[in-house]
Amino acid sequence: MPVLLLLLSLQAASPAPESLDALLRREVAHVVLAQVRRMDPQWNPAQRDCAGLVRFAFRAAYRRLHPRRLDSPLWRDDKGQPGDFADAETLLTHSFAPLGRDEATRESLRTGDLVAFRQERDSGPLFHLMLVVRPEDKAHAPTRVVYHPGDKGAPVRTGILQSLVTEAPLEWRPVPQNTAFLGFFRFKEWMR
C-alpha cells in the first residue's frame with residue numbers, strides 16, 4: 001500500500017502535460033519568428049501578406065504537431081464553409097472570435113491571438129492582422145507582434161505590443177479610441 005501512495009503522490013506532484021493548444025501556440029510563435037529572420041521557401045510568395053502569414057504559421061504548427069487536423073481545412077471561406085484560403089476579413093469573420101478592444105483584453109492575450117485593423121481607402125477597406133507572441137516568462141520579455149506589411153517582397157516585421165499602443169501613428173494603435181482598431185481575436189478552435 002505505501003508504494004501505491006508514493007506513486008499516486010508522485011503522479012499528483014508531476015506537472016500536467018501541456019495541452020495541444022499550448023504546444024500549437026508555442027509552435028506558431030516559433031514559425032512566425034523564424035519568418036522575421038528568413039522567410040520559409042515553403043510559404044507561397046504569392047500569399048505573402050498579413051493573412052498569408054497567419055495561414056502559413058497555423059498550418060505549419062498543425063502539420064508538425066497535429067497533422068490529422070489538416071485532413072480538413074483550418075479556415076472557413078466567405079460563406080462559412082471549410083476552405084484552404086481566407087483573406088484577412090474572412091479569417092476574422094469566420095475563423096477567429098473577437099475577444100475585446102480594451103486594456104484588460106490586451107493584457108490577457110496569448111500567443112497566436114490577433115491584433116486587427118481596418119483602414120478605409122479609396123479602393124475600399126483594407127484589413128491588417130498582426131500575430132501576438134507572448135513570452136512564457138512575462139517578466140523577462142515583452143509581448144510582441146509579428147506581421148507582414150503586405151507589400152510584395154517586404155520582409156516580415158516584429159515589434160513590441162506596448163510600443164504599438166503608445167508610439168505608433170494613431171491609426172495603428174490598438175486602443176479603444178482608434179476607430180480603425182477592430183480588436184483582439186482568437187482562433188475559434190482555441191476558445192475552450
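A pocket here is an open set of points on a 1 Å grid over the protein atoms alone, with protein on both sides within 12 Å along at least five of seven lines. Its volume is the space filled by probe spheres set on the points, which are joined across faces, edges and corners. The second largest pocket comes to about 340 Å³, and the largest holds about 420 Å³. Keep in mind that this is a predicted model, where local features need pLDDT of at least 70, side-chain atom pairs count only at pLDDT 80 or more, and totals for chains, interfaces and linings use all residues. Residues are numbered from 1 along each chain as its sequence is written, and side-chain values use heavy atoms, leaving out hydrogens and water.

**The chain as a whole**
- The protein chain has six helices and eight strands, taken as DSSP runs (helices H or I, at least four residues; strands E, at least two) numbered from the N terminus.
- Follow the sequence and you get α-α-α-β-β-α-β-α-β-β-β-β-α-β.
- The C-alpha trace spans about 75 × 40 × 35 Å along its principal axes.
- Of the 192 residues, 42% count as buried, meaning under 20% relative accessible area with a 1.4 Å probe, protein chains only.

**The largest pocket**
- It is lined by 21 residues, and the closest to its centre are His-128, Tyr-147, His-148, Pro-149 and Trp-172; a lining residue has an atom within 4 Å of a point.
- β5 gives the most to this lining, with four residues, while α3, α4, β6, β7 and α6 are among the elements that give two or more.
- The lining splits into 12 nonpolar, five polar and four charged residues (nonpolar: Ala, Val, Leu, Ile, Met, Phe, Trp, Tyr, Cys and Pro; charged: Asp, Glu, Lys and Arg; polar: the others, Gly among them).

**The second largest pocket**
- Its lining has 15 residues, with Arg-26, Thr-111, Arg-134, Pro-135 and Glu-136 nearest the centre.
- Helix α2 (residues 20-37) supplies the largest share, five residues.
- By class, this lining has six nonpolar, one polar and eight charged residues.

- Ala-88, Thr-90, Leu-91, Leu-92 and Ser-95 are buried in α4.
- Their cover includes α3, β1, β3, β4, β5 and β8, judged by contact (heavy atoms within 4.5 Å).
- Leu-91 is also one of the residues that Arg-55 touches, along with Trp-75 and Phe-85; Arg-55 itself is found in helix α3.

Methods: On a 1 Å grid over the protein atoms alone, a cavity is a set of points where a 1.4 Å probe fits but cannot get out, and a pocket is an open set with protein on both sides within 12 Å along at least five of seven lines; lining residues have an atom within 4 Å of a point. Buried means under 20% relative accessible area, exposed over 50%, partly exposed in between (1.4 Å probe, protein chains only). Lists of a residue's contacts leave out its neighbours within four places in sequence.
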